2 protein chains.
Amino acid sequence: MRVEVVAVGTELLLGQILNTNAAWLGAELAAAGMDAEYQSVVGDNVERIALVFRGALARSDAVVACGGLGPTQDDCTREAVAAMLNIPLKRDEAVLDVIRSRFQRAGRPMPESNARQADVPEGARVIPQTMGTAPGLCIPVGEKALYLLPGPPAELHDMWERAVAPELRQRAAARGETASISSRVLRTWGLSESALAERLADRFRALEEAGGNPSIAFLASGIEGIKVRITAKGATEGEALSLLEAEEARVRELLGPAVFGVDGETIAEVVGRLLVERGFRLGVAESLTGGMVASYLVNVPGASAWFTGGVVAYDARVKRDLLGVPDGPVVSEDAALAMAAGACRLLGSEVGLGLTGVAGPDAGEGNPPGTVYVAAWGPLHEGQESGEGGDARLLHLPGGRQQVRELATISALDLLRRRLDSQVASRRR
Amino acid sequence: MRVEVVAVGTELLLGQILNTNAAWLGAELAAAGMDAEYQSVVGDNVERIALVFRGALARSDAVVACGGLGPTQDDCTREAVAAMLNIPLKRDEAVLDVIRSRFQRAGRPMPESNARQADVPEGARVIPQTMGTAPGLCIPVGEKALYLLPGPPAELHDMWERAVAPELRQRAAARGETASISSRVLRTWGLSESALAERLADRFRALEEAGGNPSIAFLASGIEGIKVRITAKGATEGEALSLLEAEEARVRELLGPAVFGVDGETIAEVVGRLLVERGFRLGVAESLTGGMVASYLVNVPGASAWFTGGVVAYDARVKRDLLGVPDGPVVSEDAALAMAAGACRLLGSEVGLGLTGVAGPDAGEGNPPGTVYVAAWGPLHEGQESGEGGDARLLHLPGGRQQVRELATISALDLLRRRLDSQVASRRR
């Protein structure tokens, strides 16, 4: 089934924001086994939106559009659909009630302009809004369908998963398209992209020669790790899945402990799970990452069970007075270890992480940008002053300030993951 | 003059990479005063590329395409143009020599596949390659023009600046169009998107009725604030700029202190600048945001001049022991103020921020997700135990966990901005 993505918004045409929604929807469509042959972007203009929708509906079986459903005057995707199909917009009282209640809960009256978000083209089905104020809309156009989703990514993702993806799969099945695509992402850390490629080179070639099913692709993704995506196609879901799983086993054997997670699983979630298994809690002391490690950990729901807190020791005096970092260079292995140990003491945790280094753009203590020390400390048991010691690593990270901070964050968490893993393994022996 | 961007590449459709080229070209076109009404993405397929080029040339005066000029089998933009216009591809010996010499300089023989990059559609003009191996191509189509540029951003930017932008400007001038577009983004916080829209509603309507020049658009952007973009068009750059500035003054008057920054300026940069002006340094104590405030501040180069550090007090015990938060509920105004004051003491700063609340998905201390207290404290002068007190705010923030944390971050920084601003103002009186 051919499904096409249309993103609406003048800010996209002007290059003021990146079209992350189209990329996200593209990846989702591929994962669902849909053919996505085109993407379009159009500004906030009734005639031009209608023109693009008409073209997309002519060449594809379904169109997923995002953006232009907001409360302000420039948001006109609803009006464009009404004009294109020559159908009226009707205010939906049930939708309006949801919008009003959202404002009530926030203790504010609903501005009159938000009422527009309850306007529904006649014959459209409402996809209820659970996060924002705009509902999604599914508009039947002959045998085809046009989905209108809000532009804010969280709302878009929610409606896609809850309503659009299941319905598109049903439509594909009803057309007798039972070809199924399964894909899985193995998340890795500790091998460079080229080292990964070398380990998989023979397998990669063998798959290509056998017709490219399953297939393997790499994607370096900053703090999310280097992703290895395996995609398999079969006549049925079961066939695709069994191809996929056999290939996953082969790839895992080639990559060993570099694989830390699967699909959406972040290294923060993996570390959290290991900490819960061992009954430890984590404290973090960070310098160049400036809170990024703590923030990434807290992004995991339920983090309070295994994360006590963090110290952002940006000032050298804070490193010394609060964390007990010894005099001397603060971009050093000793400083990283002292920070990790200090985090345990100060934050009452059994395990600690320390990060110190140079994010750039300028050098620090004579070290070029990208010079980073990460350390993992503990476990420190109650009443103990020093525990089982720690591990530290010197890293030379590429890229600008933000990338160095992201790569330092995942490197520190990976160091802790491997330390916790090996401790479990050594106890089991 | 209407110019349209087409990006070629299956990896874009699959969401494996972001379409940064289209965003970059969009911003460049706007700066050059060109109207960009549409963008398209199409995969590496001769028929579909030809279809998209044909559609784009029909509705625009020029098309700038990028990607699909590489040496591998899947790169087929050249072939698509030849097929669409029914013209042959001819190998250009001069272009081939440049490609060969590039490999020679790198000490490697030229792979046979790279010779394809010297294939030029009959009648096309070559834009010499100075960085990569693929030349750019300018193909006249009647009175219109189709530009083919390589996908690697550095090569694309080089050819755009060297050859395409100057030629498009000439074409516009030859058509008697000397129009120039200027735009500016005002970043705001403290008014909801709909409250902003209401304040600007009359002005919005007046501009629409007067022909839509200048124009105003809104964009809610999470931690980046709510953006109000003003765009003005004039016969000359000077005319566009003076229209823009007059409109900016009007909008600023309507929005008042909600405007915190311009264009790329973040609230972290604004707060940093205010702190430097006043000679204060900032320490941060955060709970639900878990390091996001500190991380956002550290993202500003040179933050070490005004940011001492932060404490992520995720555990209630850390809040009490380390920050001196009194017994009682930790989701409270008192706790937020105590955290802000504790940050000053602990981190040796004159000014402090405190954030406590419920990010979700579950309730906390009986408060629904989105209940957040932010507090700004200080300035605390050396040796002082308590300073000029603090400000606190109770917020009810919408959205999921990540959005609540982002909105809490910008809300806390905005509270500090207003506090620093008003203190400067009261001293000046």
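**Burial, ring pairs and helix packing**

Q: Why does Trp160(A) count as buried?
A: Its relative accessibility is 2%. Buried means under 20% relative accessible area, exposed over 50%, partly exposed in between (1.4 Å probe, protein chains only). Trp160(A) is therefore buried. The model is predicted: local features need pLDDT of at least 70, side-chain atom pairs pLDDT 80 or more, while totals for chains, interfaces and linings use all residues. Residues count from 1 along each chain as written, chains are lettered from A and ligands numbered from 1 in written order, and side-chain values use heavy atoms, without hydrogens or water.

Q: What makes Trp24(B) partly exposed?
A: Its relative accessible area is 21%. That value falls in the in-between class, so Trp24(B) is partly exposed.

Q: How do you know that Trp24(A) and Trp160(A) form an edge-to-face pair?
A: Over all chains, five aromatic pairs are counted. In this one, the centres are 6.4 Å apart and the planes at 80°. Rings of Phe, Tyr and Trp (its six-membered ring) pair with centres within 6.5 Å; planes under 30 degrees are stacked, over 60 edge-to-face, the rest tilted. The pair is therefore edge-to-face.

Q: Why are helix 2 and helix 6 of chain A called roughly parallel?
A: Their axes come within 12 Å and cross at roughly 30°. Axes are lines fitted to C-alpha atoms, for helices over the stretch in contact, with angles from 0 to 180 degrees between N-to-C directions. Under 35 degrees is roughly parallel, over 145 roughly antiparallel, 65 to 115 roughly perpendicular, the rest oblique. The two helices are therefore roughly parallel.

Conventions
Helix = DSSP H or I, 4+ residues; strand = E, 2+ residues; numbered from the N terminus.
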